[in-house]
Amino acid sequence: MNQSLIYLMDELCAGVEIYYTGRTGGQYLKTAFILCDDYTELVSKLFLLSDNPSWSDQNHNGRFKNYYEIMSEIQQVIKAKRPKDLPAIQDIHSSMKIRRDRRNDFFHSTHLLDLSVTHRICVEAFCGLLDYGELLFPAEWRSALVNARNLETLEVLLRLEMLSFSDPSIQPKVNKILADWPRNTNNPCKKGVHLAIYPEDLHLRLCITCGGKQLRDKLMSLFL
């Protein structure tokens, strides 16, 4: 398996964890959004390197290729080697470019420092990245993802939240599963920090950490 892809999955897991750590109050939405945008660029570069180990992110003049040049190079590779995937890649790139422009506004337009990032924008960005990786690395992405800490469970939560934008009944069902999830299931002495009453986001993080496949299967059942 591509070792760099494994490292990238660990970073992606951290970015989604940041999103869910501050989801209730929205404290880290902008941070998570910026990280997700960075990850899309890393996935793109990793794909080009995987396709051609001699590929470089620098031009002949020594300057780094910009985001849009890299997108163009990917489309050239996909068009030549996997043309049937080109329309899907182009659609995802279109959304990615809009997000990159928005991200750049945070840093280059000081009057836009208070520009807000919504939960929906973050969820769409992360789901788009997951779809993008699956398209670029059809043989490796899934196996790398399931071995990255709690990323498989986090992906289910993101997909359910995405679904909830069109089906408002989904989120209350997710909340019910989390509210009923037992604490300290592996601690027969009933001692430890998980017995304390935490704010909603920290409880969610602990459920994800301790719930494993059992929690993931329970959440997956909501898609049926």
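This is a predicted model: local features need pLDDT of at least 70, side-chain atom pairs count only at pLDDT 80 or more; totals for chains, interfaces and linings use all residues.
User: At what angle do the axes of helix H1 and helix H7 cross?
Analyst: Helix H1 spans residues 3-21 and helix H7 spans residues 151-164. Their axes come within 10 Å, and they cross at roughly 50°.

User: Which class of angle does that give for H1 and H7, and what is the hand of the crossing?
Analyst: The axes of H1 and H7 cross at roughly 50°. Angles under 35 degrees count as roughly parallel and 65 to 115 as roughly perpendicular. H1 is therefore oblique to H7. The hand of the H1 and H7 crossing is left-handed.

User: How many nonpolar residues are in the contact of H1 with H7?
Analyst: From H1, the contact takes Met9, Leu12, Cys13, Val16, Glu17, Tyr19 and Tyr20. From H7, Leu151, Leu154, Leu157, Leu158 and Glu161 meet them. By class, this contact has no polar and two charged residues, and the number of nonpolar ones is ten.

User: How is H5 placed against H7, and which word describes the angle?
Analyst: Helix H5 covers residues 119-136, and its axis lies 10 Å from that of H7. The two helices pack at an angle of about 125°. Roughly antiparallel would need an angle over 145 degrees, and roughly perpendicular ends at 115. The angle of H5 to H7 therefore counts as oblique.

User: What is the hand of the crossing of H5 and H7, and how many charged residues are in their contact?
Analyst: H5 passes H7 in a left-handed crossing. On the H5 side are His119, Val123, Glu124, Phe126, Cys127, Leu130 and Asp131, which meet Glu155, Leu158, Arg159, Glu161 and Met162 of H7. The residues of this contact include six nonpolar and one polar, and the charged ones number five.

User: How many cavities of 30 Å³ or more are there, and what is the volume of the largest cavity?
Analyst: The count of cavities of 30 Å³ or more comes to one. For the largest cavity, the volume is about 40 Å³.

User: Which element gives the most residues to the lining of the largest cavity?
Analyst: The lining is made of Phe33, Cys36, Asp37, Thr40, Tyr67, Met96, Arg99 and Ala125. These divide into five nonpolar, one polar and two charged residues. Two elements give two or more residues, namely helix H2 (29-51) and helix H4 (86-108). The element that gives the most, with four residues, is H2.

Conventions:
Residues are numbered from 1 along each chain as its sequence is written. Side-chain values use heavy atoms; hydrogens and water are left out. Axes are lines fitted to C-alpha atoms, for helices over the stretch in contact, and angles run from 0 to 180 degrees between N-to-C directions. A crossing is left-handed if the near helix is turned anticlockwise from the far one by less than a right angle, and right-handed if clockwise. Contact means heavy atoms within 4.5 Å. Ala, Val, Leu, Ile, Met, Phe, Trp, Tyr, Cys and Pro count as nonpolar, Asp, Glu, Lys and Arg as charged, and the others, Gly among them, as polar. On a 1 Å grid over the protein atoms alone, a cavity is a set of points where a 1.4 Å probe fits but cannot get out, and a pocket is an open set with protein on both sides within 12 Å along at least five of seven lines; lining residues have an atom within 4 Å of a point. Grid points are joined across faces, edges and corners, and a volume is the space filled by probe spheres set on the points.
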